[in-house]
Amino acid sequence: MENLFFDTYLEMVAGREGKIPALFPQVWLYYDPKLQKDRIKKIFEHQRMDFLMLFSESQRVVIEIDGVQHYAEYVEGNKKHYASVDKYADMMAAQREMSLAGYDVYRFGAKELYNLTIGKRKVCAFFDRLFSKYGISV
């Protein structure tokens with residue numbers, strides 16, 4: 001699903017002029033220079049984002065594509081995933097920390113992107129609104 005998201009973004013901005021923010025895939029949060037400079041203790045050491053966009057020195061956007069691993073545990077013996085309140089709580093705590101550190105966090109359920117045509121439409125509509133919010137015209 002992340003490939004669909006990334007490829008759709010590249011298609012959407014291809015050949016466009018102007019200030020178009022880069023979409024960085026698979027970024028470890030502690031690599032963000034702003035976070036390193038401002039933090040007192042090591043936080044987010046194990047926090048990996050699906051995508052990061054830097055709109056300005058102070059405006060950062062995290063985009064997550066949430067698959068089953070975000071809210072369920074796999075039980076090997078049953079070969080099934082089962083909802084896990086612990087995993088969900090950990091994900092919500094991480095999102096709060098990112099928001100408090102100044103990131104705008106947007107989440108997609110992977111199921112939203114299963115259908116190629118519908119998924120691409122949703123991604124394009126999302127970026128249109130996101131760019132509008134940040135005053136980016138493409």
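Predicted model: local features only at pLDDT ≥ 70, side-chain atom pairs only at ≥ 80, totals over all residues.
Colleague: How do you know that the span of helix α4 agrees with its number of residues?
Modeller: Helices are DSSP runs of H or I with at least four residues, strands are runs of E with at least two, and both are numbered from the N terminus. The expected span is 1.5 Å times one less than the number of residues. For the 18 residues of α4 (116-133) that gives 26 Å, and the end C-alpha atoms are 26 Å apart, so the two agree.

Colleague: What makes Phe131 count as buried?
Modeller: Buried means under 20% relative accessible area, exposed over 50%, and partly exposed in between, with a 1.4 Å probe and protein chains only. Phe131 has 1%, so it is buried.

Colleague: Which residues of α4 are buried, and why are they said to be on the same side?
Modeller: Gly119, Val123, Phe126, Phe127, Leu130 and Phe131 are the buried ones. They cover an arc of only 125 degrees around the axis, so they are on the same side of α4. The arc is taken from the directions that run from the helix axis to the C-beta atoms. On the face turned away from that side are the exposed residues Arg121, Arg129 and Ser132.

Colleague: What do the buried residues of α4 pack against?
Modeller: They pack against α1, β1, β2, β3 and β6, where contact means heavy atoms within 4.5 Å.

Colleague: What makes Asn115 a cap of α4?
Modeller: A polar contact is a pair of N or O atoms within 3.5 Å; within protein one must be able to donate a hydrogen and the other to accept it, and residues adjacent in sequence count only if both atoms are side-chain atoms. A side-chain oxygen of Asn115 lies 3.0 Å from the backbone nitrogen of Thr117, at the N-terminal end of α4.

Colleague: How many aromatic pairs are there, and why is Phe55 with Phe131 called edge-to-face?
Modeller: Rings of Phe, Tyr and Trp (its six-membered ring) pair if their centres lie within 6.5 Å; planes under 30 degrees apart are stacked, over 60 edge-to-face, and the rest tilted. The structure holds 13 such pairs. Phe55 and Phe131 have ring centres 6.5 Å apart and planes at 70 degrees, so this pair is edge-to-face. Phe55 is in the loop between β2 and β3 and Phe131 in α4, so the pair ties together parts 76 residues apart in sequence.

Colleague: What are the distance and angle for Tyr106 and Phe126?
Modeller: Their centres are 5.5 Å apart and their planes at 65 degrees, an edge-to-face pair. Tyr106 is in strand β6 and Phe126 in helix α4, 20 residues apart.

Colleague: Why is Tyr106 called partly exposed, and why is Phe126 called buried?
Modeller: The relative accessible area of Tyr106 is 21%, so Tyr106 is partly exposed. Phe126 has 14%, so Phe126 counts as buried.

Colleague: Which residues of α3 are buried, and why are they said to line one face?
Modeller: Met91, Ala94, Gln95 and Met98 are buried. Seen down the axis, they fall within an arc of 100 degrees, so they line one face of α3.

Note on methods. Residues numbered from 1 in each chain as written. Heavy atoms only, no water.
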